[in-house]
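The following note sets out several points for a reader who is new to protein models. Please keep the sequence and the structure in view while reading.

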Amino acid sequence: MIVVLLGPPGAGKGTQGERVAAALGVPKIATGDVLRAAVKAGTPLGLEAKGYMDRGDLVPDAVILGIMKQALAAPEQARGVVLDGVVRTVPQAEGLSHVLAELGKPLDLVMLFTIAEEALVARLSGRTVCDACQTPFTGRTPGETHAECTHAPKGTLVRRKDDEPAAIHNRMAVYEAQTAPVIAWYRAHGAHIAEIDAFGALDDVTARALKAVGKG
Ligand code: AMP
């Protein structure tokens with residue numbers, strides 16, 4: 001099953017996407033994770049992406065389409081994949097649709113996470129992430145070692161640069177201007193869209209998301 005996750009920053013796409021992918025027995029690809037790993041490793045991709053990411057701007061479509069093509073052609077994706085934050089502009093939605101057509105795979109579901117902006121700002125400004133495995137947390141202090149981290153050495157909890165107030169504000173504006181039109185694009189192209197209310201306890205949101213993929 002191929003699932004695209006859409007929704008504003010902070011809606012919980014990453015965490016819920018992990019759970020949906022595990023329930024479906026397929027991998028999850030998050031372009032944000034691929035790009036952060038590239039920035040950390042100092043690769044040419046990372047050097048190109050860093051400035052955009054720190055400001056909360058989108059990385060150019062051509063860069064994302066390259067990542068998308070490479071990731072979808074990998075054999076691990078044969079049974080399906082959950083795509084988290086991979087489609088954020090209309091050209092990216094068009095690009096994904098071409099890549100899938102070339103591979104002869106259908107897009108089964110667009111999962112759209114909806115939540116009020118105040119709740120998002122509160123979530124993002126209280127978030128830390130492990131700098132090794134990228135697991136997000138709320139209510140934990142930056143600088144703490146991530147004791148449950150499976151990487152060696154264990155990661156440290158850090159505040160993402162793009163979770164600072166100016167970048168959060170910019171990411172919301174970018175979402176409205178560039179990503180919200182993707183929803184209309186998928187509607188116009190007859191995609192199957194499941195709207196998930198992303199407000200509430202983590203497990204309640206997971207229950208809604210799993211139901212949408214027939215695993216509830
Ligand atoms: P995320 O972890 O999904 O919040 O992504 C973090 C940042 O990576 C975004 O704010 C963008 O700068 C960049 N990024 C991730 N995915 C994309 C995408 N599909 N298109 C453009 N930029 C992206």
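**Note on pockets, cavity and rings**

1. The lining of the second largest pocket takes at least three residues from each of domain 1 (2-26 + 80-86 + 106-212) and domain 2 (28-78); the domain bounds come from an automatic or database domain assignment. A pocket here is an open set of points on a 1 Å grid over the protein atoms alone, with protein on both sides within 12 Å along at least five of seven lines, while a cavity is a set of points where a 1.4 Å probe fits but cannot get out; lining residues have an atom within 4 Å of a point.

2. This is a predicted model, in which local features need pLDDT of at least 70 and side-chain atom pairs count only at pLDDT 80 or more, whereas totals for chains, interfaces and linings use all residues. Residues are numbered from 1 along each chain as its sequence is written, and side-chain values use heavy atoms, with hydrogens and water left out.

3. The second largest pocket holds about 380 Å³ of space, a volume being the space filled by probe spheres set on grid points that are joined across faces, edges and corners. Of its 15 lining residues, Arg36, Val39, Val158, Arg160 and Lys161 lie nearest the centre. The elements giving two or more residues to this lining are α2 (31-41), α3 (44-55) and β5 (127-130); helices (H or I, at least four residues) and strands (E, at least two) are DSSP runs numbered from the N terminus.

4. What is the make-up by class of the lining of the second largest pocket? It has nine charged, five nonpolar and one polar residues, where Asp, Glu, Lys and Arg count as charged, Ala, Val, Leu, Ile, Met, Phe, Trp, Tyr, Cys and Pro as nonpolar, and the others, Gly among them, as polar.

5. In the whole structure, the search finds one cavity of 30 Å³ or more. The residues lining the largest cavity are Ile29, Thr31, Ile67, Met68, Ala71, Leu72, Leu83 and Val86, and helix α4 (residues 61-73) gives the most, with four residues. By class, seven are nonpolar, one is polar and none is charged.

6. There is one aromatic pair, meaning rings of Phe, Tyr and Trp (its six-membered ring) with centres within 6.5 Å; planes under 30 degrees apart are stacked, over 60 edge-to-face and the rest tilted. The ring centres of Trp185 and Tyr186 are 5.2 Å apart and their planes stand at 80°, so the pair is edge-to-face.
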